[in-house]
Amino acid sequence: MKIVHFTRLRDLVGLMESSLRGVKVQFSNEVKYLSLILDKGSTWKKQVKSSTNKAYRAFWTCRRRLGKTWGLKPNVVY
């Protein structure tokens with residue numbers, strides 16, 4: 001388990017590690033929940049980068065499957 005502290009405080013001195021039902025809970029700078037990346041500073045940089053990388057991969061996968069003289073017919077692609 002991981003905990004992300006969403007706070008404006010820069011220094012979180014004095015916070016102790018906690019446990020939940022005997023499992024130690026660690027502090028983390030980011031956590032992924034329901035395929036959404038949440039980070040400590042509430043910036044969306046990692047989430048946007050992850051989403052754009054997925055889109056690029058999908059685009060280039062499709063691009064490699066199609067050609068001007070081979071591959072699927074244009075009406076099928078459309």
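**Exercise 1.** Decide whether Gln47 is buried or exposed, and state where Gln47 sits and what Gln47 touches.

*Solution.* Step 1: the relative accessible area of Gln47 is 15%. Step 2: buried means under 20% relative accessible area, exposed over 50%, and partly exposed in between, with a 1.4 Å probe and protein chains only. Gln47 is therefore buried. Step 3: Gln47 belongs to helix α1. Helices (H or I, at least four residues) and strands (E, at least two) are DSSP runs, numbered from the N terminus. Step 4: with neighbours within four places in sequence left aside, Gln47 is in contact (heavy atoms within 4.5 Å) with Ser35, Leu36 and Ile37.

The model is predicted: local features need pLDDT of at least 70 and side-chain atom pairs count only at pLDDT 80 or more, while totals for chains, interfaces and linings use all residues. Residues are numbered from 1 along each chain as its sequence is written, and side-chain values use heavy atoms, with hydrogens and water left out.

**Exercise 2.** Find the salt bridge and say which elements the pair links.

*Solution.* Step 1: a salt bridge is a side-chain nitrogen of Lys or Arg within 4 Å of a carboxyl oxygen of Asp or Glu. The count by this rule is one. Step 2: the pair is Glu30 and Lys46, at 3.6 Å from N to O. Step 3: Glu30 is in strand β4 (residues 30-33) and Lys46 in helix α1 (residues 45-65), 16 residues apart, so the pair links distant parts of the chain. Step 4: both ends are partly exposed, Glu30 at 32% relative accessible area and Lys46 at 46%.

**Exercise 3.** Work out the strand order of the three-stranded sheet and what stands at its edges.

*Solution.* Step 1: two strands pair if DSSP finds at least two bridges between them. Step 2: the sheet is open, has the order β1-β3-β2 and shows mixed pairing. Step 3: β1 (2-3) and β2 (18-20) are the edge strands; each has a single partner strand, so one side of each lacks a neighbour in the sheet. Step 4: β2 and β3 (residues 23-27) run antiparallel and are joined by three bridges. Ser18 stands opposite Val25 in β3. Step 5: Leu20, in strand β2, is partly exposed at 45% relative accessibility.

**Exercise 4.** State the order of helices and strands, and judge how spread out the protein is.

*Solution.* Step 1: the protein has two helices and five strands, in the pattern β-β-β-β-β-α-α along the sequence. Step 2: its radius of gyration, taken over C-alpha atoms, is 21 Å, well over the 12 Å that the globule rule (2.2 Å times the number of residues to the power 0.38) gives for 78 residues, so the protein is more spread out than a compact globule. Step 3: the C-alpha atoms fill a box of roughly 65 × 30 × 15 Å along the principal axes. Step 4: buried residues make up 8% of the 78 residues.
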